[in-house]
Amino acid sequence: MKSPKNSVIYISGAVIFLFLLLLPFGISNDFYQDILVTVFLFAGLGVAWNIIGGFAGQFSLGHAGFFGIGAYTSTLLYFNFGLSPWIGMIAGGVLAAIVSMLVFYPCFKLRGIFFAMSTMAFAQVLNILAVYWTGLTKGSVGLLIPFTPGWKEFIFQDKAVFALVAFGYMVITFGVCHFVKNSKLGSYLVALRENEEAAQSLGVNTTWCKLQAMMVSAFFTAIGGTFYAQYVQFIDPDSLFPSVMSIRFALLAIIGGIGTVAGPVIGSFVLTPLDVFLRGWLGGSYAGLGFFFYGCILIAVVLVWPQGIFKLLQDKVELYIRKRSSEKSETRDVPAGRPGRVIKHAAAGRECILEIKDLCKNFGGLAAIKDVDFSVHRREILGLIGPNGAGKTTLFHLITGFIPPDSGEIHFKGDNITGLQPPFRICKKGMSRTFQLVKPFLNITVSENVAVGAYCHVNSISQAKRKAEEVIEFVGLGRYSDFLSSSLTLSNRKRLELARALATEPELLLLDETMAGLNPKEIDEMIALLRNISERGVTLIIIEHVMRAIMALSDRVVVLHHGEKITEGTSAEVSKDQRVIQAYLGGSYLHVEPA
Amino acid sequence: MGFRAHACLFKDNETVGAVLQVFINGVMLGGIYGLISMGLTLTFGVMKIVNFAHGEFLMLGMYGAFWLFYFLGLSPYLSILVVVPVMFLFGLLIQRGLIQRLIDATGITQIFVTVGLSMVLQNAVLYMWSADYRGVKIPIGTMSLRIGDITISLSRLIVFLATLAIVIFLLLFLKKTSLGKAMRATSQNWRAAWLMGVNVRKIYLIAFAMGSALAGLAGCMIIPIFSVFPSVGVNFVLITFVVVVLGGMGSIPGAFLAGIIVGLIETFSGFLLAPSLGPMVVFVFFVLILLFKPSGLVGRSRI
Amino acid sequence: MKKAIAMVVMIFLVQMTLPAFVQAQGTVKIGALWPLSGPIAEDGQESIRGAKIAAEMQNDRGGLWGNKIELVTGDASDAKAAMSEAERLITVEKTNIIMGTWVSGFAFTASQVAEKYKKVYWETAALANNIMERRFNYLFHASGLSSNFGEMSADFVADEVAKKLGKDPKDLKVAVVYEDSLHGTSISEAFIKKAKVYGFKLPVVESYNVKAVDLSSLVMKLKEANPDVLFGIHYFNDLVLFWRQAKEVNFNVEAFISCGSAGSPKLIPQLGEDVNYLFNTFRLLGEFYDGNYSVNLQSFKPETVADLKEFFKRYSEKYNVTQAQVPNTATLGFSGAWMLLHEVLPKCKSDDPEEVRKAALAIDLDYGSTAHGVGMKFAQPGTPNQGLNEKFVAGVFQWQDGKFYCVWPDKYAVKAPVIPMPKWDERKKK
């Protein structure tokens with residue numbers, strides 16, 4: 001049940017909020033106050049990092065660069081123009097966002113480790129520049145901010161005020177992160193993190209989403225940098241840019257819970273006092289021992305709890321709540337294909353929806369697709385068959401923008417889409433696809449998976465949810481709506497993939513071996529479902545090896561062999577064609593009756 | 001800003017000599033970079049894991065050579081006979097205990113576990129042996145060959161030649177021995193290798209241990225040139241990554257070539273612009289290569 | 001589970017307050033804040049060793065007002081940590097005085113904290129001029145600033161070096177290289193300012209990063225410029241690398257004056273004979289070579305000499321080094337701490353910051369009354385550099401035959417400077 005869980009969360013959230021808000025006033029000892037300030041500051045920094053690192057999965061080890069940009073920008077504006085650091089802070093944030101866009105836009109095509117390394121190089125370059133460009137930054141001498149307390153100067157006599165400001169920073173970044181997570185952007189970020197190709201096929205402009213996340217992340221990290229400068233009142237390249245600082249931001253998120261909003265906050269509450277403790281207790285007497293333990297703890301936590309502390313807590317809390325409330329007992333066993341208002345296209349007519357003309361694609365010396373030429377009419381089901389390696393999936397990739405063709409043309413609904421990339425553009429035009437090896441977004445629920453597709457034409461979270469629910473009902477996954485997709489069987493994963501693609505309201509749907517791996521009963525169910533979809537007005541092209549399905553569904557069949565179309569016609573015609581039989585080396589399908 | 005461009009280049013013989021010297025320096029430096037990166041590129045090529053603690057393995061090798069010199073007066077070049085096997089065993093231990101768990105882990109886990117390992121090693125050494133700089137002074141350390149106006153540091157030349165020898169040795173090993181072939185197979189497609197009867201687990205163990213041993217070897221060879229202290233690995237690790245990536249992440253000759261290129265970039269930018277900016281140019285170059293040719297300069301991602 | 005975490009956090013916090021409760025009767029706690037971890041850890045650790053010996057020695061003489069001195073250490077691993085540790089020492093450990101800090105950035109932030117609480121901050125070594133420009137009331141600097149070292153180096157070049165080379169200062173080509181951190185940057189600025197007054201030619205002025213793995217391009221530039229004199233500001237590791245690469249490339253100068261770690265005895269195992277002829281502008285911190293100090297002790301007060309000798313004896317016994325190998329960072333740590341613990345505090349009745357402050361401002365001791373040769377007279381409130389020790393003196397040392405001697409100014413010299421430095425080829429023949 002959702003309500004008790006939500007109210008528990010809201011109540012405990014409010015309690016914690018009030019407690020932390022009042023805490024600075026309860027602490028009289030400045031040393032502990034300083035710990036609190038540091039905890040809040042780094043909580044905010046960790047949350048900011050998480051937006052790009054955790055949500056978008058673009059692991060950055062160079063965020064110290066933005067931190068430094070923020071600190072230097074506000075400080076230099078203050079020194080040279082007397083600009084209040086509050087304004088300088090925003091300027092620093094904007095500058096960091098712009099820099100992030102310029103530097104990382106090209107870098108986004110790098111994956112995983114390579115992206116991380118490019119970010120490290122970025123921070124290092126800034127470090128070297130800050131040291132060398134003494135005319136601007138005074139190099140390693142550093143900048144000393146005079147202690148002139150005042151709100152305009154962003155310097156406070158009482159540390160409690162600093163703590164409050166830091167608290168505000170943490171709350172604001174938390175809020176922004178929360179907002180992003182529960183928005184279309186958040187859904188898209190999770191999708192592209194889980195599987196970038198699948199996300200593209202569902203209309204997600206992955207590069208733009210990553211950029212947005214990066215800019216927001218850089219903005220808030222830079223603001224944290226300004227706060228740091230105002231709090232410590234001394235900045236130099238060594239305290240801002242080193243990789244230890246970047247690693248720290250990431251560490252908070254990882255220990256706390258990398259894909260979650262609250263994770264880095266928890267991470268900061270655990271790690272910051274630990275830092276101080278290890279340094280104070282051990283560092284003084286036994287240099288190195290403190291960080292030795294720190295490293296051991298880090299390894300242990302990352303290996304044992306890669307999801308972070310927050311997930312651990314969340315699971316415990318959920319378990320607790322589920323024990324208390326009754327199980328959801330409505331099983332929505334809707335048989336596949338119950339009529340619904342799911343698909344709207346009822347355009348009649350046999351006009352061409354897709355035309356392929358003389359399409360060619362070579363990989364090195366190999367001609368994967370050679371002079372392929374055919375058309376697809378609205379509302380028909382076209383079967384695409386051929387032996388393994390014939391080039392069927394390659395053809396799909398060419399049509400849906402995953403690979404550019406070398407020559408030839410593709411027209412969709414009358415528009416020339418030859419070579420249109422990236423794939424999300426094709427989806428926006430009204431064409432969707434599924435993949436030969438299913439690509440579910442494993443770590444989110446079925447409903448959230450389908451919502452990604454639904455967002456293709458809607459913007460609000462409630463609309464997307466509603467649409468997703470409809471489609472999920474339609475394909476018969478109703479009772480699995482809140483299940484993690486990683487828990488689904490293969491057959492249901494295929495339905496999920498289908499549902500996701502359907503949610504984008506395609507006029508043309510390309511299905512790649514949907515029947516593969518299904519048992520006969522499941523195949524029958526899938527055939528019925530596909531027929532249902534077709535009756536709703538969606539044009540289908542299906543790649544299949546399961547001849548029963550081809551015979552049952554296809555209006556026409558195109559046969560590929562070694563990248564060339566060897567024949568096309570009705571399924572009956574094709575099944576008797578000598579060339580086709582030869583290509584498959586099997587005559588057992590000569591006499592299969594349509595289902 | 002104060003960039004000091006080097007004027008009067010190519011105008012007189014003296015400067016031509018200087019350029020040649022800078023070139024030699026770059027190549028020698030590149031030899032060092034290449035040597036240090038050998039182990040990392042081998043490990044990555046086979047296991048597809050980037051070891052952020054590689055610099056610390058180097059550091060341990062350096063300390064090993066130092067202590068042998070300090071207590072037994074053993075020349076670092078001879079210490080290789082001791083340090084390399086010890087580091088090999090150490091690598092086995094670490095792989096078995098830790099790295100093996102990273103094979104299927106996410107990139108984040110890999111990065112952070114090895115970052116944690118680097119922290120653990122650095123600080124364990126700091127605790128045991130203090131932060132003092134330790135060096136090995138042997139005559140070779142400052143001897144040089146003089147050819148006309150050009151000088152070539154002997155110790156660096158030895159490193160360069162050794163690296164060359166190691167590249168040849170590794171290539172022969174990988175091409176001719178069955179273990180080497182098994183490694184190459186695993187690096188190309190571990191599943192297929194597994195199905196062909198290759199004990200992939202054992203290959204991973206050996207590859208990592210070899211990477212560790214190579215780092216130890218590098219440590220012995222560079223201790224006559226650089227002093228060792230607990231965080232010396234940090235100075236090298238980022239450049240090592242650059243070299244490994246530029247070399248095509250897994251290509252042995254690629255890493256050597258890339259090392260030389262990086263060395264040249266660094267010395268020339270240092271000479272023409274300013275010494276502090278040498279590394280910066282390397283990093284910018286690195287990012288550009290990542291963008292335009294991510295498979296590296298030599299362009300393969302298998303050994 | 002949340003409860004468990006909260007409890008663990010509470011335990012951490014409580015643990016840190018425990019020391020404050022466990023205060024033995026009759027002790028005076030004094031904070032000792034130095035970098036004990038990280039890249040500068042070595043210098044920090046040695047400094048604290050010196051300070052600890054000072055505390056022991058004073059305790060043997062009755063401590064302070066019948067109480068034992070207890071040094072409470074803090075680890076200033078970076079600028080922010082220095083700030084937090086200073087706060088911990090003051091608010092949790094309840095110290096009224098903090099000694100430190102070696103690194104200027106850390107000294108900035110930590111002394112700011114002390115000033116806020118009106119606790120005395122006793123700086124022994126950090127060099128940046130702007131530490132003292134803030135005119136704090138409770139901040140005292142026992143030693144010199146970068147301007148002193150920079151200017152003194154320039155003076156030495158103009159007086160001794162130019163003379164010995166038979167050149168007019170205006171004809172002297174002086175190359176300046178420096179590591180690009182605060183240390184190098186601030187001293188080089190001061191040197192260059194004075195150099196312009198003398199009219200030196202400055203063909204090369206280059207910075208480099210202390211972590212650099214290769215300095216060959218720097219050496220190449222220097223070789224091209226062919227200077228008479230090289231003035232360099234280095235830390236230890238980079239000096240070793242630089243000098244080795246200079247030898248490899250056969251880069252020769254008539255005189256190499258360094259300002260930094262060139263005085264460390266640990267250079268011998270690294271550079272061997274190549275260390276000879278190097279000059280180092282330095283505080284007057286020497287070593288005992290066969291019982292003879294490398295600074296002229298006749299200009300020191302007898303009691304100071306005795307204290308100095310005792311320090312050396314204790315250090316070499318405790319840490320198992322010869323008296324020729326005592327690191328000068330330790331000696332400086334000792335001297336700075338001794339100035340506080342032995343000269344200033346006994347003149348007070350307690351460690352009350354106001355009293356300590358008054359006593360420090362009132363003190364007036366001549367040169368040679370401290371272990372590193374300086375006097376004690378702190379700039380009065382209202383003057384620029386308030387709190388800075390005005391009776392600061394330093395000298396130029398030179399390595400000769402593997403030993404480090406003071407060679408300038410005459411008052412403190414024990415040997416004459418050897419100029420010019422033999423070329424590398426000539427050295428080999430020796």
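## A look inside a three-chain model

The largest nonpolar core has 442 residues, and A:Phe40 and C:Ala110 are the ones with the most contacts inside it. A nonpolar core here is a set of buried Ala, Val, Leu, Ile, Met, Phe, Trp, Tyr and Cys residues joined through C-beta atoms within 7 Å. Buried means that 20 or more other C-beta atoms lie within 10 Å of a residue's own; exposed means 12 or fewer, partly exposed is in between, and the C-beta atoms are placed from the backbone. Helix α2 (residues 30-55) of chain A gives the most to this core, with 17 residues. Helices (H or I, at least four residues) and strands (E, at least two) are DSSP runs, numbered from the N terminus.

Before going on, keep in mind that this is a predicted model, where local features need pLDDT of at least 70, side-chain atom pairs count only at pLDDT 80 or more, and totals for chains, interfaces and linings use all residues. Residues are numbered from 1 along each chain as its sequence is written, while chains are lettered from A and ligands numbered from 1 in the order in which they are written.

So what does A:Phe40 touch? Leaving out residues up to four places away in sequence, A:Phe40 touches A:Ala163, A:Ala166, A:Phe167, A:Tyr169 and A:Met170. Two residues are in contact if their C-beta atoms, placed from the backbone, lie within 7 Å.

### Where chains meet

Chain B puts 35 residues into its contact with chain A, and chain A puts in 37 residues. On the chain B side, α4 (107-129), α9 (232-246) and α11 (278-292) each supply at least two residues. The largest share, 15 residues, comes from α4(B).

Chain C meets chain B too, with 34 residues from chain C and 29 residues from chain B. Elements giving two or more residues to the chain C side include α2 (41-60), β7 (205-208) and α8 (216-225) of chain C. The most come from α9(C), with seven residues.

The table sorts some touching sides by class. Ala, Val, Leu, Ile, Met, Phe, Trp, Tyr, Cys and Pro count as nonpolar, Asp, Glu, Lys and Arg as charged, and the others, Gly among them, as polar.

| chain B, touching chain A | 27 residues | seven residues | one residue |

### Domains inside the chains

Domain bounds come from an automatic or database domain assignment. For chain A that gives domain 1 (23-243) and domain 2 (352-584). Their centres, taken over C-alpha atoms, are 43 Å apart. In chain A, 18 residues of domain 1 are in contact with 24 residues of domain 2. Helix α8(A) gives the largest share of the domain 1 side, six residues.

Chain C has domain 1 (25-141 + 293-392) and domain 2 (147-277 + 395-429). In chain C, 29 Å separate the two domain centres, taken over C-alpha atoms.

### A sheet in chain A

Chain A has an open sheet of four strands in the order β4-β3-β6-β7, with antiparallel pairing. Why is one side of β4 and of β7 in chain A left without a neighbour in the sheet? β4 (366-377) and β7 (415-416) stand at the edges, each with a single partner strand, so one side of each has no neighbour there. Strands pair if DSSP finds at least two bridges between them, and β6 (residues 407-412) and β7 of chain A pair over two bridges. A:His411 stands opposite A:Asn416 in β7(A).
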